[in-house]
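Dear colleague,

Please find below the structure I am handing over to you, with its sequence. My findings follow directly after it.

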Amino acid sequence: MYTTPAPIPARSGVGFKLAHADAILEDPARIGFVEIHAENFMGDGGLPHRALSAVRERMPVSLHGVGLSIGGEGPLDRAHLARLAAVARRYEPGLVSEHLAWSTHEGAYFNDLLPVPYTEATLARVVAHIDEVQSALGRTMLLENPSSYAAFEASTMDEETFIRRIVAATGCGLILDVNNVVVSATNLGASPLAYIDAFPLEAVGEIHLAGHAEDADAAGAPLLIDAHDRAVPPSVWSLYKTVIARIGRPVPTLIEWDNDVPDFATLAAEAEKADAAMAAALSARAA
């Protein structure tokens, strides 16, 4: 059905928006791939599927889920997992990913990606859920690091150790959301470079870049919000170059811009900026 290879190229892409379909088809070479939210394509037909099918014939797709609730205390929703697998079969994505978060509890569904405490019990649950997802899909998945606004007193290990142990136990890959690192480090008073030092960079299969909103907490301390509503800021670009230099290879990179979405030309320009930053970081490393 499709004429392009499924693997995601090691360059930059953008989140697929229905309003951008015609512009993407007119100039597909500006981006390397599109990423779709799986839950937007779990129906059988309609305009979104027709538009995405046309785009998929021209470029690879990365499939990103937001509703599996991998960190949830209850079992995974088998019907939701079956729908995710159906979307994967339909579009043959180069990558499939989800979040280290939970969003359902006892039949209630929340429109947020909520954090988990980093404990042995949570680790066992997340590992079991990822094993189930990978078995259902017949392939490995990527897990995305979260953005944090507070830390759990119950946590018995840091986030980097928790994620490293997930990778070791499941063989899954990772999305490194660089904006999430900047947001969490600022909000928790931590060092983004120390986080990168401890993160299992060898498992990173995709990088996310996004913009964040700046605010202050009740004590007047800086508070960043993972807003996805603006261009990537300098702090994220700087850390992105550091990450690429440390990984030492080009990595598929997504520009996330999901609110106050601009036209495709603006998104494509951000993707081209990411391609240039990636090339500059690798060139500087080789010099």
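This is a predicted model: local features need pLDDT of at least 70, side-chain atom pairs count only at pLDDT 80 or more; totals for chains, interfaces and linings use all residues.

Largest pocket

The largest pocket holds about 950 Å³ of space. Its lining comprises 34 residues, and those closest to the centre are Val66, His99, Asn111, Asp112 and Leu113. Strand 6 gives the most, with six residues. By class, the lining of the largest pocket consists of 12 nonpolar, 15 polar and seven charged residues.

Second largest pocket

In the second largest pocket, the space amounts to about 360 Å³. A total of 23 residues line this pocket, and Tyr118, Ser148, Glu159, Glu160 and Leu188 lie nearest its centre. The elements that provide two or more lining residues here are helix 5 (159-170), helix 6 (178-188) and helix 7 (192-198). Helix 6 gives the most to the lining of this second pocket, namely five residues. The lining of the second largest pocket divides into 14 nonpolar, six polar and three charged residues.

In brief, strand 6 is the element that gives the most to the lining of the largest pocket, whereas helix 6 holds that place for the second largest pocket.

Yours sincerely

Terms used. Residues are numbered from 1 along each chain as its sequence is written. Side-chain values use heavy atoms; hydrogens and water are left out. On a 1 Å grid over the protein atoms alone, a cavity is a set of points where a 1.4 Å probe fits but cannot get out, and a pocket is an open set with protein on both sides within 12 Å along at least five of seven lines; lining residues have an atom within 4 Å of a point. Grid points are joined across faces, edges and corners, and a volume is the space filled by probe spheres set on the points. Helices (H or I, at least four residues) and strands (E, at least two) are DSSP runs, numbered from the N terminus. Ala, Val, Leu, Ile, Met, Phe, Trp, Tyr, Cys and Pro count as nonpolar, Asp, Glu, Lys and Arg as charged, and the others, Gly among them, as polar.
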